[in-house]
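I opened this entry to look up how two chains meet, and then to follow one chain and one residue more closely. My notes are below, in the order in which I looked.

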Amino acid sequence: MSVAIYIDDPKYLNAGESCVVAEFADEIDRGANDAVMNLKKHLLNQKNIPIVECLPTYRSLAIYFDSTAVSAQEVIAEARSAPKAAGEEAGAHMSISIPVCYGGEYGPDIANVARHAGISEEEVIKRHSARTCHCYMIGFLPGFAYLGGMDETIATPRLANPRTVIKGGSVGIAGKQTGIYPIDSPGGWQLIGRTPLRLFTPEAARPTLIEAGYEVRFLPVTEEEYKKIAAETAVGGYEALITEAK
Amino acid sequence: MMELVVKKPGMLTSVQDLGRWGYQSSGVPVAGAMDLPALRLGNAMLGNPQEAAALEVTLIGPELEVIGCGAAVFTGADLGFSVNERTVGSWRAVVLTKGDVVSFSGSKGEGCRGYLCLAGGVEAPVVMGSRSTYMRAKIGGIEGRALKAGDVINSGEPAPLWRRLDGFRLPEEAIPAYTAGEPLAIMTGLQEEAFTDKGKQVLFESEYIVTAQSDRMGCRLEGPKVEHTERGADIVSDAIPLGAVQIPGHGMPIIMLADRQTTGGYTKIGVLTPLSIASLVQKVPGTKVRFRAASVEEGALEQRRIAAAVNRAGELRLSYVSCGPGAARPLSGSFRLTLEGKTYDISCEEILKE
């Protein structure tokens, strides 16, 4: 199958009377994702047309609008007027560090991952926390971040028998993907650790900790540190480290 | 302000409004009322703001005891809305007083969902801009769950003159047609190209059955298989709009509804028009449905028709309450009216027909 990427001239797909989708690629592509974020930024800052909300995905932007006030054609015309993504500029994102206690009761599948990769558990931790991952999109569950860029030497297939309950905060691997379960949920990812941070806080002004476009680094912590951060998080006293990415 | 105590919760009764918009990019589903026109018309009939919440009632309604008085209306499917075991029915406002018992005698034909709207709206904490219950993440409504016995439901501040709403009925011609029995209209688009011509022909020429595996998240259909091209049924996860007709590898359409997840990885052939969504969510398992292709313009026209019907319901309410206490129904003619200390010269035309 050929990969179609059309960053400079996205396809506009009909998605009902109140939504159009600007598609920048039909595969996962970092340049396309940057173009998605760029268009989102433009649309949320413009004042010509009423946009209800914009939903960025790996490779497309769903633009929801009030169809009693504006037509799909007008929305597409506004999107077309957005300045084209300059790779460098679109690359300015926020960076977040996620403390993770690896292994043990927090990451019961770390041995599976180590066995599959033919390395030690310590090496799994090292490789998982060495690379910066990019958050392409949030979906599936509130605050669930689709991360790309994990070290592929630790890629491991999903569990044959998915768990019925996975604790919120669990960090897992599924194939080449890595991610964090934001809330208690069933799932089949190989669990290698857990973060004490709350990824989804419905009552907060910013309900999700990670947002699309963020750079994510996993920071190994000891069980003692995990418990300390968990206690601070419980009373709202822990501030996640979020900085402007270089 | 109204206060109701839940005696029996019914099959599935939850607090819903227009939905939790603005947080899909955080992975938070929109949720909200399944039959949006019915909720909006109910709010208009009571003079509520459009964003007011109501109780969404599914098939078997709850039993509620009135503690504090107020006005209410049940809209949507006719589920046998009764007060003190006397049938009130749908689309008719009623004033409730202490000791009244609200109950539902059961479905009176087609349709399985309705909205018990209270003057002033149903109170619940606003979570991320909405009172909608999203049960999977336990947010909104009453502790993020369906009603249970013992819950207390309060209304907000009702619009003035609510006592005069008693008996106010929305005439049939003021309710948008629910196109029952007509094919559901799909605005084609999205991954339309992922289906063969034969596949599309099958979809638009066959009958499908609503299965029991349908809920607030989606409606699963069964029928002839819709064929994909060699490109297959999977895509890189993409946004899922309300009413999206998603068709996975098994070839059976799943129509994505209020509690749909924000993104998903199956091909979508298009999106149902707003009135087709309202029509579909009223269908019980076993009901047969057919499809036809529609344009985006047709969907936009339906949205405008719904908005016009909502405005019309608001106007009818005003003309009804303006007639003053004791008037059984609006009268024609001109007269002088004193309302809350101010005097108005009014000309009134009879529009409600019994």
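I began with the salt bridge in this predicted model: A:R59 pairs with B:D238, and the closest N and O atoms are 3.6 Å apart, where the rule asks for a side-chain nitrogen of Lys or Arg within 4 Å of a carboxyl oxygen of Asp or Glu. The rule finds one salt bridge across the interface of chain B and chain A.

I noted the ground rules: the model is predicted, local features need pLDDT of at least 70, side-chain atom pairs count only at pLDDT 80 or more, and totals for chains, interfaces and linings use all residues. Residues are numbered from 1 along each chain as its sequence is written, chains are lettered from A and ligands numbered from 1 in the order in which they are written, and side-chain values use heavy atoms, with hydrogens and water left out.

Next I looked up polar contacts (a pair of N or O atoms within 3.5 Å; within protein, one must be able to donate a hydrogen and the other to accept it, and residues adjacent in sequence count only if both atoms are side-chain atoms), and found nine residue pairs across the interface, both residues at pLDDT 80 or more. On the side of chain B that touches chain A, the elements giving two or more residues are β12 (184–188), β15 (234–239) and α4 (296–322) of chain B, with helices (H or I, at least four residues) and strands (E, at least two) being DSSP runs numbered from the N terminus. Of these, α4(B) gives the most, with seven residues.

For the extent of the interface, I recorded 39 residues from chain B and 42 residues from chain A in contact, meaning heavy atoms within 4.5 Å. The buried area, which is the accessible area (1.4 Å probe) that two parts lose on being put together, summed over both, is about 2,900 Å², and carbon and sulfur atoms give 62% of that area. In chain B, the residues losing the most area to chain A are B:S25, B:L190 and B:V236, together 19% of what that side buries.

I then turned to chain A, which has six helices and 14 strands. Its C-alpha atoms fill a box of roughly 55 × 45 × 35 Å along the principal axes, and 56% of its 246 residues count as buried (under 20% relative accessible area, 1.4 Å probe, protein chains only).

Last, I checked B:S90, which lies in the loop between β7 (86–87) and β8 (93–96) of chain B. B:S90 is buried, with a relative accessible area of 12%, and a polar atom of its side chain lies 3.2 Å from the backbone oxygen of B:A77.

Key:
Buried means under 20% relative accessible area, exposed over 50%, partly exposed in between (1.4 Å probe, protein chains only).
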